[in-house]
Amino acid sequence: MMTRILIVDDTFFIRETIKRMIDGEDFTVVGEADNGEDAVNLYRELQPDIVTMDITMPLKNGLEATKEICDAFPEAKILMITAVGQQKNVITALENGAKDFMTKPFTQERLVETLKRLVEV
């Protein structure tokens, strides 16, 4: 069965890159959001298996969106994707319920491997 992914990033290029990297890897993209507010609403609507979540976004950042999603859905599997130098935010993200994190830039191999590991959690 295909793992359902919600991609959240305010940068169109990053969303497209993630889609391209996971294409053909037993993942299907069920939705995309470019801000944390839409991410929360789409999570409620779609209830994907995994969310890739950027931290720095308009309206509601990834840390706030992660907390809101995980408070309502403790089983949510959120992979935070951060820019280099945001270590403090990573700790907050994990405290807010994120299951794992990666820093940009990342390789296709690392992304796919991390997503597959999250499926097993």
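Leaving aside residues up to four places away in sequence, K19 touches I7, V29 and E32 in this predicted model. K19 has its place in helix α1, and its relative accessible area of 25% makes it partly exposed. The side chain of K19 is joined to that of E16 by a polar contact of 2.8 Å, while K19 and G31, which are twelve residues apart in sequence, lie 11 Å apart in space, C-alpha to C-alpha.

| Helix pair | Residues | Axis angle | Axis distance |
|---|---|---|---|
| α1 and α5 | 12–22 and 108–120 | roughly 75° | within 9 Å |
| α2 and α3 | 36–46 and 62–72 | about 20° | 9 Å |

Because angles from 65 to 115 degrees count as roughly perpendicular, α1 and α5, which cross at roughly 75°, are roughly perpendicular to each other. In this pair, I18, M21 and I22 of α1 meet Q108, L111, V112 and L115 of α5, and by class the contact of α1 with α5 has six nonpolar residues, one polar residue and no charged residues.

Helices α2 and α3 pack at an angle of about 20°, which means that α2 is roughly parallel to α3. The crossing of α2 and α3 is right-handed. On the α2 side the contact is made by G36, A39, V40, Y43 and R44, and on the α3 side by A65, E68, I69 and A72; by class, the contact of α2 with α3 has six nonpolar, one polar and two charged residues.

Terms used
Residues numbered from 1 in each chain as written. Predicted model: local features only at pLDDT ≥ 70, side-chain atom pairs only at ≥ 80, totals over all residues. Heavy atoms only, no water. Axes fitted to C-alpha atoms, helices over the stretch in contact; angles between N-to-C directions. Helix = DSSP H or I, 4+ residues; strand = E, 2+ residues; numbered from the N terminus. Parallel < 35°, antiparallel > 145°, perpendicular 65-115°, else oblique. Left-handed = near helix turned anticlockwise from the far one by under 90°. Contact = heavy atoms within 4.5 Å. Nonpolar A, V, L, I, M, F, W, Y, C, P; charged D, E, K, R; others polar. Buried < 20%, exposed > 50% of the residue type's maximum accessible area, 1.4 Å probe, protein only. Polar contact = N/O pair within 3.5 Å; in protein donor to acceptor, adjacent residues only side chain to side chain.
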